[in-house]
Amino acid sequence: MSTGSYWLEGRQPRSPSLKGDHQADVVLIGAGVAGASAALALADSGVSTVWLEAGTVSIGASGRNAGFVLQGTCERYSRAAAIMGHERARAVHTLSRQNHQAMVEAIDRFGIDCGYQRRGSLQLAESPSEERDLTESAALLNADGFVAQELSGDQLPAWCAEAGFRHGVFLPDDGELDPAAFVSGVADAAVAGGVRLFERSPVLEVSAPEAGDAYVRTPDGSVRASLVLACTNAWAGELFPWFRDLVSPVRGQMLATAAVPPLFHCPVYADHGFDYWRQDRHGVIVLGGWRNLDPHAEVGIEDRLHPEIQDSMTAFIHRFSALRGVEITHRWAGTMGFSRDGQPIVGSVPGSPGALAAVGFTGHGFGFAWLCGRALVELANHGQSEVATLFSSRRLIV
Ligand SMILES: Cc1cc2nc3c(=O)[nH]c(=O)nc-3n(C[C@H](O)[C@H](O)[C@H](O)COP(=O)(O)OP(=O)(O)OC[C@H]3O[C@@H](n4cnc5c(N)ncnc54)[C@H](O)[C@@H]3O)c2cc1C
């Protein structure tokens, strides 16, 4: 059994590490989905860019997740409306759907082989109160012009009965993909477009004291640029102290099984999104979550396994008669960046006028980060971006 991510198996570094002193218009930090999106937009704009990644492309959460491309935040829609206000919830939800569409355009544009499918997603209730939540959310989604179909009893897939699920909501527009293959495909396109990528090049120090003046240092090199773009999500507070209280590293556990005949026909989300699983194009089931079993331990940036949570995940898999005794081939962990209010933070970094950041995706980066990474480049090129206005850091300044 491997303790690395199923998606990262066999992926090798594609570029050297940074050595010596370099100059560029922009220095971009972080090669996850947000950084890859920014890199591509920079390549498309013809901006001279050095792109630095501490590990390798998609080594962070972007190569360790479940590969769901969902609409909305990690809160169910009705709860999101209660927390952030109905109009804002609708705007945020709409943006995540646009984010999905923009990712599809990138997949088509570059022919990225990432197993993308749009089979919808299924949200399942674990309790009567969650059933009421799902019903309320579905009603509000439909009232706002989104599509949500309530399902119960025999309308649900046959395996639901075995696992004790009686009620769910199907969202037909959601998708899924191999997240590392997607990010790698975009990174290749950005590099082909002229971006200079350096892997195994952790930024140790950033200085961005005024607009037009930025400097970063790695163990063996440095870059002087006009602007720093930070796409470092869970690590945001390490380079910019301002993010320390706003973006918290939170760990998630995952496992993958040997390939099995088709059972799950779309991504599934249960227990308020704490538990999630899907079956990929090869028949492999990837399953993650159960973080609520020990939320206080599952914090910090160490990608370590949590044996009890992993055991619970295995026990759940073995609940299905078709999966009894199925081999677990991979177990791994990854780190998400949870923002204080559960929404991304995009745009200026208070105290660092020469820097912009897109961070805090709170477990739903594939629902938002593509447009947020691109928004940084819109801000840099044009001084404004609707996405950055929606997710401006100003809302968090008290
Ligand atoms: C177990 C798990 C399951 C998830 N499931 C889903 C899902 O199904 N759907 C979904 O939408 N989201 C999911 N997420 C969340 C999603 O993976 C993230 O929101 C998304 O990948 C964030 O992308 P990012 O580019 O902002 O960050 P990351 O992918 O984490 O990239 C940040 C990069 O910055 C680099 N970096 C950090 N500091 C430095 C530095 N000083 N110098 C250089 N480089 C640096 C890191 O090495 C890393 O590669 C899940 C996350 C986890 C952990």
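Which helices and strands each supply at least two residues of the shell around the ligand? In this predicted model, the list runs to α1 (33-45), α7 (236-239), β14 (247-257), β18 (328-339) and α9 (365-382). Among these, α9 gives the largest share of the shell, namely four residues. There are 42 residues around the ligand, and five glycines come nearest: Gly 32, Gly 60, Gly 252, Gly 334 and Gly 365.

Next, the domains. The domain assignment of the protein gives two of them, each pieced together from separate stretches: domain 1 covers 14-64 + 180-247 + 342-396, while domain 2 covers 118-173 + 248-339. Taken over C-alpha atoms, their centres sit 30 Å apart. Where the two touch, domain 1 puts in 18 residues and domain 2 puts in eleven. On the domain 1 side of that contact, the tally by class is ten nonpolar, seven polar and one charged. The ligand shell draws on both domains too, with at least three residues from each of domain 1 and domain 2.

Two packed helices are described by the angle between their axes and the distance between the axes. For helix α2 (residues 77-84) and helix α3 (residues 86-110), the axes come within 7 Å and cross at roughly 130°. That angle makes α2 oblique to α3, and the crossing of this pair is right-handed. On the α2 side, Tyr 77, Ala 80, Ala 81 and Met 84 do the touching, and they meet His 86, Arg 88, Ala 89 and His 93 of α3. Sorted by class, this contact of α2 with α3 has five nonpolar, two polar and one charged residues.

α2 also packs on helix α4 (residues 128-143), here at an angle of about 75° and with the axes 7 Å apart. The two helices, α2 and α4, are therefore roughly perpendicular to each other. From α2 the contact uses Tyr 77, Ser 78 and Ala 81, and from α4 it uses Asp 133, Glu 136, Ser 137, Leu 140 and Leu 141. By class, the contact of α2 with α4 comes out at four nonpolar, two polar and two charged residues. Tyr 77 and Ala 81 of α2 turn up in the contact with α3 and again in the contact with α4.

Technical notes:
Residues numbered from 1 in each chain as written. Predicted model: local features only at pLDDT ≥ 70, side-chain atom pairs only at ≥ 80, totals over all residues. Domains from an automatic or database assignment. Contact = placed C-beta atoms within 7 Å. Nonpolar A, V, L, I, M, F, W, Y, C, P; charged D, E, K, R; others polar. Near = placed C-beta within 6 Å. Axes fitted to C-alpha atoms, helices over the stretch in contact; angles between N-to-C directions. Parallel < 35°, antiparallel > 145°, perpendicular 65-115°, else oblique. Left-handed = near helix turned anticlockwise from the far one by under 90°.
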